[in-house]
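Dear colleague,

Please find the structure below, followed by a summary of what was found in it.

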Amino acid sequence: MLTLTPVLTVSYEAKVSFLLLSILEFTVGILVNAFIVSVNFWDMVNGQPLNNCDLVLLCLSITRLFLQGLLLLDAIQLSCFQQMKDPLSHNYQAILTFWMIANQVSLWFAACLSLLYSSKIARFHHTSVLHLASWVSRRFRRVLLAAFLFSCICTALCLWDFFSGSHFTVTSMLPMNNTEINLQIAKLNFFHSFIFCNVGSIPPSLVFLVSSGVLFTSLGSHVRAMKSRTRDSRDPGLEAHIRAIIFLVSFLCFYVLSFCAALVSVPLLVLWHSKGGVMVCIGMMAACPSGHAAVLISGNAKLRRTIETCYSGFKAAK
């Protein structure tokens, strides 16, 4: 059986360093995601219609702004208010619940992005799959709206589960001297909320993995078809495949890292009471939204062009 020595508190220097790191990650995350939001919002204000990719990036970045804010609140609550020897406060549980909801919504939009890439870039040979990809490409905004509505349903279910009377009334029904029983029930309620909220991540995860797998399969077919061509010729289809796969693989890596950190933080927080371990997990979780946003900016021609224009204007002003 795995045992871990509880670390109920950390040094003042560790708390300050953790808060400074959290503020830095929050600032970087806000800047990169707010940049994506502002560029696309400015196009909307100027009457320029957004294409499907820009619309998904706008929704994804707005969600990540909430993610970064919640993680900063999580860091402040953990460092300044939550004591490891005490049961989890309702404020801290609420922050974690809202983070799980925002992370799930972000996953839905990432699944839509993967679906868009596979329908636009992948080459299909089966007629039924070709018709499905064509329908997704033509009705993508309806698909995006359906994903948003489904995520709203999951959000409502998670909030109902968290704010239901069981979290706040069960412990009050027990005698005051049953402190240990109350604590165990509170832990079970938290585990239940964590599992219940993450069950809603299964459908978008499947959509993301299937559509990404289709894109990988299409890339393999495309590479085999290119073997008869000269190596000097540039192939836009190959470049589009590679660029889309970089976006999707980077998101998958960041999401898995964030989810694993969140998963590990639960026993560290509830069972082993290791504040230092939880701080490391939160730092990893906060780095993921800003990291993927930076990848999206570096690979998006419109966003890169905006940065180059701003940089040229700044140099000219100097």
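Rings of Phe, Tyr and Trp (its six-membered ring) are taken to pair if their centres lie within 6.5 Å; planes under 30 degrees apart are stacked, those over 60 edge-to-face, and the rest tilted. The model is predicted, so local features need pLDDT of at least 70 and side-chain atom pairs pLDDT 80 or more, while totals for chains, interfaces and linings use all residues. Residues are numbered from 1 along each chain as its sequence is written, and side-chain values use heavy atoms, with hydrogens and water left out.

By the ring rule there are six aromatic pairs. Phe162 and Phe163 form an edge-to-face pair, at 4.8 Å centre to centre and 85° between the planes. Phe162 is buried (under 20% relative accessible area, where exposed is over 50% and partly exposed in between, with a 1.4 Å probe and protein chains only), at 2% relative accessibility. Phe163, at 48%, is partly exposed. Ring pairs also join Phe208, Phe251, Tyr255 and Phe259 into a cluster.

A cavity here is a set of points, on a 1 Å grid over the protein atoms alone, where a 1.4 Å probe fits but cannot get out; lining residues have an atom within 4 Å of a point. Volume is the space filled by probe spheres set on the points, which are joined across faces, edges and corners. The largest cavity has a volume of about 130 Å³. Of its 14 lining residues, Leu96, Ala262, Ser265, Val266 and Met285 are the closest to its centre.

Yours sincerely

Methods: On a 1 Å grid over the protein atoms alone, a cavity is a set of points where a 1.4 Å probe fits but cannot get out, and a pocket is an open set with protein on both sides within 12 Å along at least five of seven lines; lining residues have an atom within 4 Å of a point.
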